[in-house]
Structures are given as C-alpha cells and as structure tokens.
Amino acid sequence: MHVGSLYLDARTYTTFGALITDIKDGVGGSNVHVELRRFTNGVALMSASNTNTAGPTWEYVTQSNVVVSNSDWYDIYISASGNPATSSIRGIFYEY
C-alpha cells in the first residue's frame with residue numbers, strides 16, 4: 001500500500017529507515033515491510049523488514065549507505081507477509 005512520499009536530495013545517506021509493525025488485533029505476528037521507490041520511474045531505492053511483530057512490537061528497520069543518485073520524490077510502500085495482517089508505520093528517518 002502506498003502511504004506517502006518524500007523528496008530526497010541526491011547524496012549518500014548513512015542511515016535510512018522506518019518504525020513499523022503489524023498491529024492486527026493487538027497481537028501482530030506477521031512480517032512487515034517498508035519500501036521506497038522513485039516516483040519518476042518506480043526503481044526501488046531501499047527496503048527493510050520487521051520480522052519481530054508479535055505483540056505488536058514496533059521496531060526500527062534500517063539500511064546503511066543508501067545512495068540517492070537523482071533528487072526526486074520517493075514513494076513509501078508498506079506491506080505484510082501474513083493474512084490477516086495490518087501493517088503500520090510511524091515514520092521514516094534518515095541521516096547523512
């Protein structure tokens with residue numbers, strides 16, 4: 001599911017991530033995923049997964065040294081591996 005977009009400048013980001021979980025019925029349990037794709041051509045920039053969502057457990061998932069080659073809008077997508085599941089994201093963060 002597309003949940004938002006953010007504009008990124010071309011540079012290397014030392015850390016890029018999100019805070020995500022599966023909040024289904026307050027018990028969680030499904031793996032959840034976040035992915036950023038460039039708006040212009042749909043090319044994936046980064047993806048990360050929280051595989052510890054029982055409870056549900058919010059977890060920071062990150063990637064290191066993410067290279068943004070072109071300044072552009074990047075779309076944020078979240079998904080889950082289970083059915084039923086309710087993916088939830090509290091935010092995106094990055095450092096450079």
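Is D72 buried or exposed? I looked it up: D72 is buried, because its relative accessible area is 9%. Buried means under 20% relative accessible area, exposed means over 50%, and partly exposed lies in between (1.4 Å probe, protein chains only).

**Ground rules**

I am working with a predicted model, where local features need pLDDT of at least 70, side-chain atom pairs count only at pLDDT 80 or more, and totals for chains, interfaces and linings use all residues. Residues are numbered from 1 along each chain as its sequence is written, and side-chain values use heavy atoms, with hydrogens and water left out.

**Entry: salt bridges**

I searched the whole structure and found 3 salt bridges. A salt bridge is a side-chain nitrogen of Lys or Arg within 4 Å of a carboxyl oxygen of Asp or Glu. Side chains of opposite charge can pair when their charged atoms come close.

I began with D72. Its partner is R38, and the closest N and O atoms are 2.7 Å apart. This pair links distant parts of the chain: R38 sits in strand 3, D72 in strand 6, and they are 34 residues apart. Strands (E, at least two residues) are DSSP runs, numbered from the N terminus. R38 has 17% relative accessibility, so R38 counts as buried too.

Next I checked E35, which forms a salt bridge with R37 at 3.3 Å between the closest N and O atoms. E35 is partly exposed because its relative accessible area is 24%. R37 is partly exposed as well, at 29%.

D25 has 62% relative accessibility, so D25 counts as exposed. K24 has 23%, so K24 is partly exposed.

In what order do the 4 strands of the open sheet stand? I read 1-6-3-4, with antiparallel pairing. Strand 1 (2–8) and strand 4 (44–50) stand at the edges; each has a single partner strand, so one side of each is left without a neighbour in the sheet. The twist averages 20 degrees from one strand to the next. For such angles, axes are lines fitted to C-alpha atoms, and angles run from 0 to 180 degrees between N-to-C directions.

Two strands pair if DSSP finds at least two bridges between them. I found 7 bridges joining strand 3 (residues 32–38) to strand 6. One example: L36 has I76 in strand 6 as its bridge partner.

**Entry: the core**

L36 turned up again in the largest nonpolar core, which has 18 residues. A nonpolar core is a set of buried Ala, Val, Leu, Ile, Met, Phe, Trp, Tyr and Cys residues joined through side-chain atoms within 4.5 Å. L8, F16, V34, L36, L45 and M46 touch the most other members. Strands 1, 2, 3, 4, 5 and 6 each supply at least two residues. Strand 2 gives the largest share, 4 residues.

**Entry: the surface**

Which residues form a nonpolar patch on the surface? I found Y7, F39 and W73, with about 370 Å² of accessible area together. Patch residues have over 30% relative accessible area and no salt bridge; like charges are joined within 9 Å, nonpolar side chains (Val, Leu, Ile, Met, Phe, Trp, Tyr) within 5 Å. Areas come from the Shrake-Rupley method with a 1.4 Å probe, and for residues only the protein chains shown count as cover. W73 lies in strand 6 (residues 72–80). W73 is partly exposed because its relative accessibility is 44%.
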